[in-house]
Amino acid sequence: MTPFSVRSVTYDWGIVWDNRDMFWWGLVTALQVSAVALVFSMVFGLVLALGRMGKRPGSILAAIYINVFRGIPALVSVIWVYFGWSLLVGFNFSPFQAGVIALTLLYSAFFAEIFRSALTALSPGQSEAGLALGMSSAKVFFFVKLPQATKIAIPNIGNMFIGMVKDTSVFTVIGLVEIVRVTQNLNSTYFQPFVLFTAAAIIYVVLAFVLDFLFRTLEKILSTPTKGFMATLLTARRSSRINKLIEVHDNSLSPKIF
Amino acid sequence: MIDEQARPSALGEVTVQLRDVRKTFGTKEVLHGIDLTVSKGEHVVLFGPSGSGKSTILRSINLLEIPSSGSVQFKGVEYGPGDSADKSVTRGNPLELRRSIGMVFQQFNLFPHLTALHNIVLPLRSVKKLSRADAEEKAAQSLRDVGLLQWAGSFPAQMSGGQQQRVAIARALSLDPEVMLFDEPTSALDPELVGEVLGVMRRLAAMGMTMVVVTHELGFAREVGDHNVFMEDGRIVETGGRGFFESCHHPRTQAFMGSVL
């Protein structure tokens with residue numbers, strides 16, 4: 001035996017396929033936590049953005065929240081929620097609930113900044129046009145500003161969502177059976193860390209590609225004019241309504257006003 | 001100082017009336033007490049060098065700009081700061097005022113996320129509370145009026161500046177306003193597209209629409225302006241009716257005309 005030789009290792013890639021169900025459910029759990037947290041984070045993020053863009057003291061409170069929670073790591077956040085809050089409020093969150101709360105706390109701070117930058121990117125002429133047409137500020141916000149800001153924010157939202165899915169990996173510490181927890185469990189049975197963690201890494205990367213594709217499709221659907229097959233399909237009803245109107249009015253004999 | 005109040009309103013009832021309107025941005029006063037009366041069916045043209053306060057006056061009429069002091073009345077109802085001590089004046093909400101006054105902007109300000117048709121449908125539904133079908137009918141009719149029916153399904157980004165401005169005019173008109181405000185409607189257009197927008201405005205004027213127009217198109221002003229107002233440095237320098245462009249006598253007005261025409 002030479003001093004630097006290592007024990008020969010055999011890589012058994014078959015165990016990944018054999019345990020595909022466990023990986024699949026780990027992936028589903030990670031996606032569920034992230035998706036629920038995405039919805040909450042976007043809503044709270046929008047509220048925070050409006051708070052920060054509004055008057056004092058709301059703007060100061062929002063700015064403090066944003067700067068504090070952007071700085072807290074997901075691991076700290078989830079331990080704090082799962083173990084700390086439970087003691088404080090005397091109520092035990094499930095790992096799933098704790099994961100959603102932890103992600104929402106952190107990511108709403110990021111979404112606040114994303115929405116704030118998207119809203120400030122809009123020309124002031126947009127709200128002026130809405131107001132000049134007699135629309136209330138609330139209607140101008142929901143029908144004029146928010147749709148345009150969301151469109152601007154989509155690529156960033158996609159980015160954040162990929163980050164959220166990756167952050168679920170630390171929720172293994174509270175026993176959430178997501179991808180990393182599944183990998184660790186299998187590793188304690190098979191002792192094949194290289195194989196199993198490579199599989200986990202591949203799952204995350206493939207997922208990032210899929211999510212990227214989905215958000216790009218969404219971007220195309222929301223782009224004006226709409227681009228791509230999916231967008232054409234989804235806006236087909238609107239197009240046919242408009243074409244029908246054009247046809248009817250084109251053949252109408254009523255005199256033009258000018 | 002020009003006494004606007006003394007001008008006889010031979011045309012009909014007074015719609016918009018500004019009295020001693022002042023506007024301050026920070027410490028700088030940009031409107032130094034403006035009086036302006038617009039009668040029903042009248043075409044008022046505001047012109048003058050950049051920064052003279054023309055657009056600020058226009059934007060004060062529908063309260064997009066809230067005057068620092070002064071009175072902004074529409075059909076006898078006070079919408080501006082007014083005289084708070086005067087209890088005899090009815091006060092109104094700018095939201096209601098804007099439903100009676102249409103506005104066309106220099107940068108068109110169409111909603112880029114909506115088709116031409118839905119740019120018109122949105123205010124019809126949210127302001128006029130029309131049903132979807134009725135709103136679409138009316139919007140298509142409005143687009144047909146400005147000759148853009150075929151563009152109903154297009155987005156603003158797919159249209160020329162002139163077409164976008166015509167959609168913007170159709171959008172404002174679809175709400176049946178009593179007064180139309182035009183804030184340099186052709187200034188952002190390529191020269192060859194100016195004509196189509198002025199054409200729509202001419203026909204609108206001929207139909208008797210009450211209009212207040214800020215413009216550098218003095219040819220258009222000469223043609224439709226019943227009441228012409230030359231401004232400089234936040235003050236009205238000289239006003240006049242038809243034939244004003246031939247008869248103006250203030251040296252500043254003449255110098256401005258000389259440099260523009």
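## Model confidence

The structure is a predicted model, with an ipTM of 0.91 and a pTM of 0.87. For chain B the mean pLDDT is 90, and 95% of the residues of that chain reach 70 or more. Residues 1–6 of chain B are an exception, with a pLDDT below 50. Beyond near neighbours in sequence, that stretch makes seven contacts in the model.

## Chain A: overall form

Chain A contains eleven helices and zero strands. Its pattern along the sequence is accordingly written α-α-α-α-α-α-α-α-α-α-α. Chain A is more spread out than a compact globule, because its radius of gyration is 25 Å, whereas the globule rule gives 18 Å for 258 residues.

Along the principal axes, the C-alpha atoms of chain A fill a box of roughly 100 × 50 × 35 Å. Buried residues make up 33% of the 258 in this chain. Among contacts in chain A with a separation of 6 or more, 71% are between residues 24 or more positions apart.

## Cis peptide bonds in chain A

Most peptide bonds are trans. One cis peptide bond in chain A joins Arg56(A) to Pro57(A), with omega about 0°. Pro57(A) is placed in the loop between helix H2 (20–53) and helix H3 (58–70) of chain A.

A cis bond also joins Thr224(A) and Pro225(A), where omega is about -5°. Pro225(A) lies in the loop between helix H9 (193–222) and helix H10 (228–234) of chain A.

## Chain B: an open sheet

In chain B, four strands form an open sheet in the order S2-S1-S4-S5, with antiparallel pairing. Its edge strands are S2 (28–39) and S5 (77–78) of chain B, each of which pairs on one side only. S1(B) and strand S4 (residues 69–74) of chain B run antiparallel and are joined by five bridges. Arg19(B) has Ser71(B) in S4(B) as its bridge partner.

## Positive phi in chain B

Most residues other than glycine have a negative phi. Asp20(B) is not a glycine, yet has a positive phi of about 45°. This residue belongs to strand S1 (residues 14–25) of chain B. Asp20(B) counts as partly exposed because it has 14 C-beta neighbours inside 10 Å, a count between the limits of 12 or fewer for exposed and 20 or more for buried.

Lys129(B) is also not a glycine and has a positive phi, of about 60°. Its place is the loop between helix H3 (116–126) and helix H4 (132–145) of chain B. Lys129(B) is exposed, since 9 other C-beta atoms lie within 10 Å.

Glu178(B) sits in the loop between helix H5 (161–173) and strand S7 (179–183) of chain B. With 15 other C-beta atoms within 10 Å, Glu178(B) is partly exposed.

Leaving aside residues up to four places away in sequence, Glu178(B) touches Thr15(B), Ser100(B) and Thr210(B). Glu178(B) and Thr15(B) are 163 residues apart along the chain, but their C-alpha atoms are separated by 8.6 Å.

## Nonpolar cores

The largest nonpolar core has 80 residues. Those with the most contacts inside it are Leu46(B), Leu117(B), Leu143(B), Ala152(B), Leu181(B) and Val212(B). Not counting residues up to four places away in sequence, Leu181(B) touches Leu58(B), Ile61(B), Asn62(B), Ile101(B), Gly102(B), Met103(B) and Val212(B). Another core, of 51 residues, lies apart from the largest one. Its residues include Ala102(A), Tyr107(A), Met160(A) and Leu186(A).

## Contact between the chains

The contact between the chains takes 28 residues from chain A and 34 residues from chain B. On the side of chain A that touches chain B, helix H6 (124–132), helix H7 (137–167) and helix H11 (236–250) of chain A each supply at least two residues. H11(A) gives the most to this side, with seven residues. By residue type, the side of chain A that touches chain B divides into 14 nonpolar, nine polar and five charged.

Notes: Residues numbered from 1 in each chain as written. Chains lettered and ligands numbered in written order. Predicted model: local features only at pLDDT ≥ 70, side-chain atom pairs only at ≥ 80, totals over all residues. Contact = placed C-beta atoms within 7 Å. Nonpolar A, V, L, I, M, F, W, Y, C, P; charged D, E, K, R; others polar. Rg over C-alpha atoms; globule rule 2.2 N^0.38 Å. pLDDT = per-residue confidence, 0-100. Pairing = 2+ DSSP bridges. Core = buried A, V, L, I, M, F, W, Y, C linked by C-beta atoms within 7 Å.
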